[in-house]
Structure formats: structure tokens, C-alpha cells
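Q: Please take one part of this model and go through it closely. I would like to see what surrounds it, step by step.

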Amino acid sequence: MRVGLLTREYPPDVYGGAGVHVEFLARELVPLVDLDVHCWGEGRAPGVQRHRPWSALDTANDALRTFSVDLAMAAALEGRELVHSHTWYANLGGHMAKLLYGIPHVMTAHSLEPLRPWKAEQLGGGYTLSSWAERTAIEAADAVIAVSGAMREDILGCYPALDPARVHVVHNGIDTGLYQPDHGTDVLRRIGLDLARPYVLFVGRITRQKGVPHLLRAVRDLDPAAQVVLCAGAPDTPEIDREFRDLFDELSRVREHVHWIPQMLPRPEVIQLLTHAAVFVCPSVYEPLGIVNLEAMACGTPVVASRVGGIPEVVDDGKTGLLVDVNDDDGASETFEAGLARALNEILGDPEAAQRMGETGRERAVGQFGWDAVARRTVRLYEEILKQT
């Protein structure tokens, strides 16, 4: 079976959960199908072709630059039997390949544009184009993969014209051989952490979706003995970057031991930070699954997370961590922030319970979310779609 896998992110340029998903899915698909990966970037490697936006569009809106990559991807897919796209950055390329070559298009929805209205702040009028691209692709796709049951409900709610029989749930996975406890402390020492004090850890992009401003306000009420580590980079816009910096400066004035790491750290360094954290926090206001929570659990760390989207399908409330309700549509709630602080303090205040949660989280990650199983389920779906065409 000759499959074209379309994505924006691919190693070494991975900055979000969708990129992590594609990286590990591709690794597990290689033994099962004849796979070509098409992604953004420069140059070629065996099995990987990188495409860059057209130079004539260097100063154009990002949505138009994305469409130029989609055109290049579609042109390069001749000879493939099936195409599988990930995120709106590649969905239109998959849709055009379907029309051009008469091949099935499978798409994985990692998020939905109608549920991310803050993207208009980043893309301007391009948000209308990204929304059009997603709708066009998703309504015509031969199969849509949702990364959680909650995501499937969101897809059908946003796109009621879509036949529910074409929407399949295949959860995100985790490589629990790679993501496992690392008891070294060299990274912690380099950052300047006090090894005698617990720390709360956040890892993610500076976006509205990830709820970082809510976290910065919540940790003002954190136990003063705790340190805070923010691995937070890649801001969506200059505006949210300034908002983050202002809130960080305010927080630093009222409490000590707040560490901000603005660059995206190498994976081994993140794993060490996850391992030693007293608690990992995910304050997202929208999250189809939240693969970073799986990464923390695989490292044996309890999680405090928002009760949104697919997160409750990963974090078992009371057993592998604690879930906090987001109390209104956009999460801009003092009640939400107070709830985050209470949950974090509860885990910080009971190290024995935290250890039990971490151990249970590791067991859950190993037992239910392996990438090999994700790949096998995906290939079975490919086979079903090809039989129907």
C-alpha cells in the first residue's frame, strides 16, 4: 500500500502535539506500508520530501503561503494509493490529491478551526481561509480520524453535514520506552533549580489555547515553598508574547523561584524535567487530547489539567491527577484559576498521594496508549477505505 503522509511539522521541526503525533505514527507505519512523508522545510531525505512556501509569497498572509505548500505537496503525490493529512496546514493538499489522482483522502483532526477563534488574532483574514480549507477537506474526506471521543463529538458538532460513519476515533499515543523516568539532575542544575524544593512544570506553546495567562495568575496562590518552571515558547502573536511577558514580570515580583525557559528544549531535557516535577500542569482552554499529559504520565508524574476536550480520556481524575473545570466558554475565569491553584496545592501538599498518582499514570500510559497499536488501527482503516473505493 503506497501512502502519502502530509504534515506541516516533522523532525527536526516539531513544536506541538500534532508534530509529535506524526513523528511517531510515521515511525510505526514504515514497516507496515510504503510511506512517503511530505512536510514543510528544505531538502529531501529517504522517504521524506520537504516543501517550502513559494518565494513570491514571502510577504503574503500565512494562509496563502500554506496553500502554496499544499499545491506543491499535491503535485508530488502522483503514484500514491492513499493520502493522509494532518491539520489544516496540509488538509487542502490531501483534498487536492484526492481530486487530482482519484485516491482516498484520510485526515486526522488534531484541532478544529471553528473552536479556535483566537487564531484570527494570528492570521487576520487568513483565519477565514484556514477555516474554508478545513471545512472543504473534512466534508469531502473518505475518513476522518478523531484523536479522542470528545474530538469526534466536536467534529460532528462543527460539521453537521459530515456522515458520522466516516468519523473514527484513534487516540494519540506515547512511546513509553522513550518517555520514561530519567533520574539524572544535570538539566535541573543547569537551569538553577533548588533540588530540595518541589516544582510545578508547564511545557507548551504561548497560545490562547494552552491557557498560559490563566496559569500565571493561578500560581500567585501557589504554596510559597514550590518552584515554578515554565517551558514556554513559540508565541502565536506579538500581542500574546507581550501579555505573557507582562504577567511573568508581575509574577516574578511577588514570588521567588519562577523559571522561564523561552526556547523549545530537546526532548531528553524535557523528559528529565517531567520526571522530577512534583506535578505537571496543563491549563488548556481547548484540547482535543493533550499528548503532553501522556508524556508527563509516562515519566511517572501526576497531572493537574483542565477538564476540557479529550483530556479526561487521558487523565483519570483522582487516580493519575486532578481535573479542574473551566467555567465559561473561553476559560477567562477567576474560578478556573483558583481551581488550578487549589489542585496544584493539593498535590504539592501530599507527596505520598502524588507518588501513587505518578505510578498509576505510568501504568496507564504503558497499558493503553502505545504507538504500535495506534499504527495498526490506522492501517486497518486505510485497508477498509481502499476496499470501499
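A: Buried means under 20% relative accessible area, exposed means over 50%, and partly exposed lies in between (1.4 Å probe, protein chains only). Five of the five residues of β5 are buried, so this strand is largely enclosed by the rest of the structure.

A word on the source. The model is predicted, so local features need pLDDT of at least 70 and side-chain atom pairs count only at pLDDT 80 or more, while totals for chains, interfaces and linings use all residues. Residues are numbered from 1 along each chain as its sequence is written, and side-chain values use heavy atoms, leaving out hydrogens and water.

Now the names. Helices (H or I, at least four residues) and strands (E, at least two) are DSSP runs, numbered from the N terminus. Two strands pair if DSSP finds at least two bridges between them.

Where does β5 sit in the sheet order? The sheet is open and has eight strands, in the order β3-β4-β2-β1-β5-β6-β7-β8, with mixed pairing. At the edges stand β3 (44–45) and β8 (167–169); each has a single partner strand, so one side of each is left without a neighbour in the sheet.

Take the β1 side. Strand β1 (residues 2–6) pairs with β5 (residues 82–86) in the parallel sense, over four bridges. L5 has H84 of β5 as its bridge partner. Helix α1 (residues 17–29) packs on the sheet and touches β1, β2 (34–40), β5 and β6 (105–109). The direction of α1 makes about 155° with that of β5. Contact here means heavy atoms within 4.5 Å. L6 stands opposite S85 in β5.

Take the other side. β5 and β6 run parallel and are joined by four bridges. H84 has V106 of β6 as its bridge partner.

Next comes the loop between β5 and α3, where T87 is placed. Phi of T87 is positive, about 70°, although T87 is not a glycine. Most residues other than glycine have a negative phi, and most peptide bonds are trans. T87 counts as buried, at 17% relative accessibility.

The axes of α2 (residues 62–75) and α3 (residues 88–101) come within 8 Å and cross at roughly 40°. Axes are lines fitted to C-alpha atoms, for helices over the stretch in contact, and angles run from 0 to 180 degrees between N-to-C directions. Therefore α2 and α3 are oblique to each other. Angles under 35 degrees count as roughly parallel, over 145 as roughly antiparallel, 65 to 115 as roughly perpendicular, and the rest as oblique. The crossing of α2 and α3 is right-handed. A crossing is right-handed if the near helix is turned clockwise from the far one by less than a right angle, and left-handed if anticlockwise. Residues making the contact include A63, F67 and L71 of α2, and W88, L92 and M96 of α3. By class, this contact has 13 nonpolar, two polar and one charged residues. Ala, Val, Leu, Ile, Met, Phe, Trp, Tyr, Cys and Pro count as nonpolar, Asp, Glu, Lys and Arg as charged, and the others, Gly among them, as polar.

One last stop, in the loop between β1 and α1, where P12 lies. A cis peptide bond joins P11 and P12, with omega about 10°.
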